[in-house]
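Q: Could you take me through the aromatic pairs and the surface patches of this model, giving the rule behind each term as we reach it?

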Amino acid sequence: MGTILKKIRSNYMVHTFFSIRGNARACIWTEPLWGIPYNLYIPYVTLFMTSLGLDYFQIGVITSISVVSQVISSLLSGVITDKLGRRWATVIFDTLSWSVPEVLWAFSQNFAWFAVAALFNGMWRVTENSWNLLLVEDTPREQIVPLFALTQLMGLLVAFVTPLSKFAIEAFGVVRFMRFMYGFTAVSMTVKFLLLHAVSHETEIGKRRMEQTRHIPMWKMVWQCKDVYLRIIREKRMRCTLAIMACFMLINATNSNYFAIYICERLGVRQSDVSLFATLKSMVTLMCIFLLVPKLKKMTFRKPMLICWGIFALSQGLLMLNPGGKAMAPMLVLNVLMEAAALSVLNPMTSSLLFINANSDERALICGLVYATIALIVAIFPAFVGLLANVSLLLPFASNLFLFVVAAAMTVAISRLPSPDGYENAA
């Protein structure tokens, strides 16, 4: 037993979890209050919508409304984060973008409720910027990828309680289960936001930016963003980063929206059994984070990314070719195993890519503009995918295969560029 505990403590991810200090610890250690309830209900969101009478096109439109809100929030996120500071921007906009819509979802009755909630939820782009900066700005560069992996891991702890949702859905149905989960999540997340604000402190760069922007009107800062944006689009590394992040976001959005619907309506899986696949995916991703992410320290950016894009693409192909019958269950399990392994690497590496490449003094503005560009690129895509789904539920996953090709090509392109100073593994 002592040997086993010693090996566990020596694992790079375990060591990182217990050794982090300051804002990184505050962000990571409070994350389960957000990640666990969110990941517990997220597999059933589209089933909840269809149970209330929404069709696939309306689901796509709601996603597009959220993305439009994200575009506006992203454009303003850098300015807001610099003016308010990382801590205050996080607590204010976390509350607006999560606590408020969770309550709206809990009482939702029709399309209009989801549309209004989507407008609020789109503000999460502000806190994606401010929270990530709170996490990484006072942290050594070599810890950025492990920190994003730990962020993912905190939400995956839900794997140990997800099977309970199967019994809850069987007993109460999807609608009653989801209403309870949205209410519970609103409370849990709000506690997390207040706790993080209480135990964190403003970053050094945040303090400097607050002082530098104190007397500059917000409209003027927004106007000055054009110069920063021109520098972004002129730099090939940032263009490749944009493309990779956009592809990853689109792939995840499609899988999140249509996986549960596809396996229930095309393959005959019971709604209550969706949680079993979510549990398997979470547990395998958890295990892979501990086993695979530590190895990234010794590898360049290109090799693990290309391998994982390929594995993810194969998993989508298996899902599309699933013949049903006796082969259905093994094929679905294999699909989930492959996707989980790929996500354990792609998620932290894609998330860290922007923060590694962005200039530190302008990082909030750069991140906000990049998020806005990505959101703008994908603004109409979910509605388009919704139209495809109305034709055939296979088509959304076929669109993902195209995105995998684009993402792999951009990965090769960025790997051929000079690495950013001080980060030898970026390519």
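Q: Is Trp-98 buried or exposed?

A: This is a predicted model, in which local features need pLDDT of at least 70 and side-chain atom pairs count only at pLDDT 80 or more, whereas totals for chains, interfaces and linings use all residues. Residues are numbered from 1 along each chain as its sequence is written, and side-chain values use heavy atoms, with hydrogens and water left out. Buried means under 20% relative accessible area, exposed over 50%, and partly exposed in between (1.4 Å probe, protein chains only). Trp-98, with a relative accessible area of 8%, is therefore buried.

Q: How many aromatic pairs are there, and what makes Phe-17 and Trp-29 a stacked pair?

A: Rings of Phe, Tyr and Trp (its six-membered ring) pair if their centres lie within 6.5 Å; planes under 30 degrees apart count as stacked, over 60 as edge-to-face and the rest as tilted. By this rule the count comes to 16 aromatic pairs. The ring centres of Phe-17 and Trp-29 are 5.3 Å apart and their planes stand at 25°, so this pair is stacked. It links distant parts of the chain, 12 residues apart, with Phe-17 in helix H2 (residues 12–19) and Trp-29 in helix H3 (residues 22–30). Helices here are DSSP runs (H or I, at least four residues), numbered from the N terminus. Trp-29 has a relative accessible area of 39% and is partly exposed.

Q: How is the pair of Tyr-38 and Trp-98 arranged?

A: Tyr-38 and Trp-98 pair edge-to-face, at 5.7 Å centre to centre and with 80° between the planes. Tyr-38 belongs to helix H4 (residues 32–41) and Trp-98 to helix H7 (residues 86–106), so that the pair links parts of the chain 60 residues apart. Tyr-38, at a relative accessible area of 21%, is partly exposed. Both residues belong to one aromatic cluster, which also includes Trp-34, Tyr-41 and Phe-48.

Q: Which residues gather in the patch of positive charge?

A: Lys-236, Arg-239, Arg-302 and Arg-416 gather there, on the surface. Arg-416 lies in the segment after helix H20 (395–415), and at 65% relative accessibility Arg-416 counts as exposed.

Terms used: Patches are made of residues with over 30% relative accessible area and no salt bridge: like charges are joined within 9 Å, nonpolar side chains (Val, Leu, Ile, Met, Phe, Trp, Tyr) within 5 Å. Accessible areas come from the Shrake-Rupley method with a 1.4 Å probe; for residues, only the protein chains shown count as cover. A salt bridge is a side-chain nitrogen of Lys or Arg within 4 Å of a carboxyl oxygen of Asp or Glu. Lys and Arg count as positive and Asp and Glu as negative; His and the chain ends are not counted. The place of a charge is taken as NZ of Lys, CZ of Arg, CG of Asp or CD of Glu. Helices (H or I, at least four residues) and strands (E, at least two) are DSSP runs, numbered from the N terminus.
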